[in-house]
Amino acid sequence: KNIFDLIWHQNTIESTCFAVIPHFVGEIEKLSESRKFECVIDLGFIESARKEWPDEKVPSQLLASYSEAMAYSRRYAIESLELASDKIEFRYALGAVGSLYGHGPLADFLFNLDCIGDECPKCEEFVYPSEIQESDYI
């Protein structure tokens, strides 16, 4: 089972997250490139969710180690840009970089780019603006 499934679910951070992340980030170096990429994206989502939900404050005794781990993970986020195999992965890598560097609104925009659209009044299907659809980033 993916460790992130245990500490983060549907944009909700589980209380164990703040204790687990510092240990996990210390082990990222040992992962394969593809697994490292997936973990960096998850870290970006977690940090984005933490800033979005004010009730999910980091417990004071874990704040220093959690903050240090997230700062350390920035280097992996930058490296993830090189690991992205297509435009969609690159978009997620940029989102993780944005999130881990404190640019939450930009990160959320990139993470949710495939949600920007609306229902077509004629065909009732979800459609994207043509510039987004033609970009291959969704």
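## An exposed loop residue

Glutamate 124 counts as exposed because its relative accessibility is 58%; exposed means over 50% relative accessible area, buried under 20%, and partly exposed in between (1.4 Å probe, protein chains only). Glutamate 124 lies in the loop between β3 (118-119) and β4 (126-127). Its phi is positive, about 65°, although the residue is not a glycine. Most residues other than glycine have a negative phi.

Helices here are DSSP runs of H or I with at least four residues, and strands are runs of E with at least two, both numbered from the N terminus.

## Basis of the model

This is a predicted model, in which local features need pLDDT of at least 70 and side-chain atom pairs count only at pLDDT 80 or more, while totals for chains, interfaces and linings use all residues. Residues are numbered from 1 along each chain as its sequence is written, and side-chain values use heavy atoms, with hydrogens and water left out.

## Helices α4 and α5

Helix α4 spans residues 60-83 and helix α5 residues 87-100. Their axes come within 9 Å and cross at roughly 160°. Axes are lines fitted to C-alpha atoms, for helices over the stretch in contact, and angles run from 0 to 180 degrees between N-to-C directions. The angle therefore makes α4 roughly antiparallel to α5 (over 145 degrees; under 35 is roughly parallel, 65 to 115 roughly perpendicular, the rest oblique). The crossing of α4 and α5 is left-handed: the near helix is turned anticlockwise from the far one by less than a right angle.

The α4 side of the contact includes Met70, Arg74, Ile78 and Leu81. The α5 side includes Glu89, Phe90, Val97 and Leu100. Contact means heavy atoms within 4.5 Å. By class, this contact has 11 nonpolar, two polar and two charged residues. Nonpolar covers Ala, Val, Leu, Ile, Met, Phe, Trp, Tyr, Cys and Pro; charged covers Asp, Glu, Lys and Arg; the others, Gly among them, are polar.

## Helices α5 and α6

Helix α6 covers residues 104-111. The axes of α5 and α6 come within 7 Å and cross at roughly 160°. These two helices are therefore roughly antiparallel to each other. Their crossing is left-handed.

From α5, the contact uses Arg91, Tyr92, Leu94, Gly95, Ala96, Gly98 and Ser99. From α6 come Gly104, Ala107, Leu110 and Phe111. The classes are six nonpolar, four polar and one charged.

## The nonpolar core

The largest nonpolar core has 31 residues. A nonpolar core is a set of buried Ala, Val, Leu, Ile, Met, Phe, Trp, Tyr and Cys residues joined through side-chain atoms within 4.5 Å. Phe4, Ile21, Ile41, Leu43, Ile46, Tyr66 and Met70 have the most contacts inside this core. Two or more residues each come from α1 (3-7), α2 (17-27), α3 (33-52), α4, α5 and α6. The largest share, eight residues, comes from α3.

Not counting residues up to four places away in sequence, isoleucine 41 touches Tyr92, Ala93, Ala96 and Phe111.

## Selected helix residues

Lysine 36 is in α3. It counts as buried because its relative accessibility is 6%. Beyond four places in sequence, lysine 36 touches Ile28, Glu29, Leu31 and Tyr76. Phenylalanine 45 is also found in α3 and is buried, with a relative accessible area of 19%. Its C-alpha atom is separated by 9.1 Å from that of leucine 100, 55 residues apart along the chain.

Alanine 64 is in α4 and counts as exposed at 59% relative accessibility. Alanine 64 and proline 22 are 42 residues apart in sequence and 9.6 Å apart in space, C-alpha to C-alpha.
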